[in-house]
Amino acid sequence: MPYFFILLQALLGLTDPPQPRFEAQTIDSNVAIGYGLAIGDVDGDNKPDILLADKTQFVWYRNPDWKRFVMIDSLTASDNVCIAARDIDGDGKVEVAVGAQWNPGETNDLKKSGSVHFLIRPKDPTQRWKAIELHHEVTIHRMKWMQAEDGKYYLVVVPLHGLGNVSGNGAGVKVYAYEYPKDPMGEWRLFLVDSTMHMTHNFDLAESKEKGRKGFYIAGKEGIHFVSANMKKDVDSRSQPIPGLEYGAGEIRMGTVSPGRHFFVTVEPMHGTAIVVYLKDDNYKRIVLDENVKEGHALAVADFNGSGSDQIVAGWRVPNKDNETGIKLFTKTDAAGNQWSSQWVDENGMACEDIQVADLNGDKKPDIIASGRATKNLKIYWNKTGQ
């Protein structure tokens, strides 16, 4: 039976949703670290490509042959750490920003820690790109392109620490939004959107998850905060802690339990040992899905089996007490989302540093893309659910 009809029957309640199933393909077995991933159409062929922030190089892999092209090499003295890609100007090709000079132990010297660059694409994107240096703070760690309430696009950049911060104490982390200008070679306006948190790690945009809400959820030492994307308000009015989500966390994603009902999933604490779900009702209910991970460093959510609700993908990079690294997928087993089952996506073949989800082959099923640290690999996990 074709996959579409299997999913239609599941959505109508005629059958149980099919169990998600994946087939792994290694597209690079020589990754140095694989700090960060992004997905987007680099060459304008209407196919999503894979972009990677590796130790000394920013690279992209062309869909569907997955040939590797170097965009920038040895941009800064220290490692690269993050990359953001999104079509901002509507030409069908992504704009790319990157973060480098990764030196998390240095929180005082701006010359030795952190960098933010916008990459100018050449006519042929398989050739080397040009980097334009932008404002930076120390310990730049994660970045994403966000559309704000004014309709404009901003690059949101999140450091790990604040200036002079020691072990999470001291100045707050300065999270800036960089307004994308008409001329990227010109001035980029800066907006300080939060400075209330200490030791932040990752964040998730709200724009595609909650209709009409602009902003992002950020994970850090103080738990989960929501930061508004209203650039007209001052910094203190943008950031709001989420009641019930006060546990320190390193990763945060929002998913759908059922139409109109959401959940959060976190890795707790930062570089943590637990995958935790919070059901978004009147009060957040905390459900621990797995406490046997070590240095959990990657989360994603998507509806892999057409059930109408999201599953959770979680990866960690250091062997746990059973000497396992890898990626697991969690699926709710009751309508309310109180019970979850787990299955391996990759058992001991991926020391996971980052995860992204995208439909890479146009079959309407989300695939998983992951980069490995100790395993030094980049893999696609093709969604074969229903086949």
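A salt bridge is a side-chain nitrogen of Lys or Arg within 4 Å of a carboxyl oxygen of Asp or Glu. Side chains of opposite charge can pair when their charged atoms come close. With that in hand, let us look at the model above.

This is a predicted model, in which local features need pLDDT of at least 70 and side-chain atom pairs count only at pLDDT 80 or more, while totals for chains, interfaces and linings use all residues. Residues are numbered from 1 along each chain as its sequence is written, and side-chain values use heavy atoms, with hydrogens and water left out.

## Salt bridges

The structure holds twelve salt bridges. Three of them are set out here.

| Pair | Closest N to O distance |
|---|---|
| Arg68 and Asp28 | 3.5 Å |
| Arg373 and Glu353 | 3.3 Å |

Where do the partners sit? Several lie in strands (E runs of at least two residues in DSSP, numbered from the N terminus). Asp290, in strand 21 (residues 285-290), pairs with Lys328, in strand 24 (residues 326-332), and 38 residues separate the two. Arg373 is in the loop between strand 27 (367-372) and strand 28 (378-383), 20 residues from Glu353 in strand 26.

How open are these residues? A residue is called buried under 20% relative accessible area, exposed over 50% and partly exposed in between, using a 1.4 Å probe and protein chains only. Arg68 is partly exposed because its relative accessibility is 33%, whereas Asp28 is buried at 10%. Asp290 is buried at 9%, and Lys328 is buried at 15%. Arg373, at 29%, is partly exposed, while Glu353, at 2%, is buried. Glu353 and Arg373 also join Glu295 and Arg317 in a network of salt bridges.

## Two pockets

Rolling a probe the size of a water molecule over the atoms shows where empty space is left. On a 1 Å grid over the protein atoms alone, a pocket is an open set of points where a 1.4 Å probe fits, with protein on both sides within 12 Å along at least five of seven lines; lining residues have an atom within 4 Å of a point.

The largest pocket holds about 940 Å³ of space. Its lining has 33 residues, and Ile39, Lys144, Leu205, Gln356 and Val357 lie nearest its centre. Among the strands that each supply at least two lining residues are strand 2 (36-40), strand 14 (200-205) and strand 26 (352-358). The lining has 19 nonpolar, five polar and nine charged residues.

The second largest pocket holds about 290 Å³. It is lined by 16 residues, with Pro17, Ser307, Thr331, Lys332 and Thr333 closest to its centre. Here the lining divides into five nonpolar, eight polar and three charged residues.

## A buried and an exposed residue

Thr200 is part of strand 14 and is buried, at 1% relative accessibility. Its side chain reaches the backbone oxygen of Pro159 at 2.6 Å. Beyond its neighbours within four places in sequence, Thr200 is in contact (heavy atoms within 4.5 Å) with residues including Val158, Pro159, Ile218 and Met270.

Asp234 is in the loop between strand 16 (223-228) and strand 17 (239-241). At 51% relative accessibility, Asp234 counts as exposed. From C-alpha to C-alpha, Asp234 and Asn80 are 31 Å apart in space, and they are 154 residues apart in sequence.

Conventions
Grid points are joined across faces, edges and corners, and a volume is the space filled by probe spheres set on the points. Helices (H or I, at least four residues) and strands (E, at least two) are DSSP runs, numbered from the N terminus. Ala, Val, Leu, Ile, Met, Phe, Trp, Tyr, Cys and Pro count as nonpolar, Asp, Glu, Lys and Arg as charged, and the others, Gly among them, as polar. A polar contact is a pair of N or O atoms within 3.5 Å; within protein, one must be able to donate a hydrogen and the other to accept it, and residues adjacent in sequence count only if both atoms are side-chain atoms.
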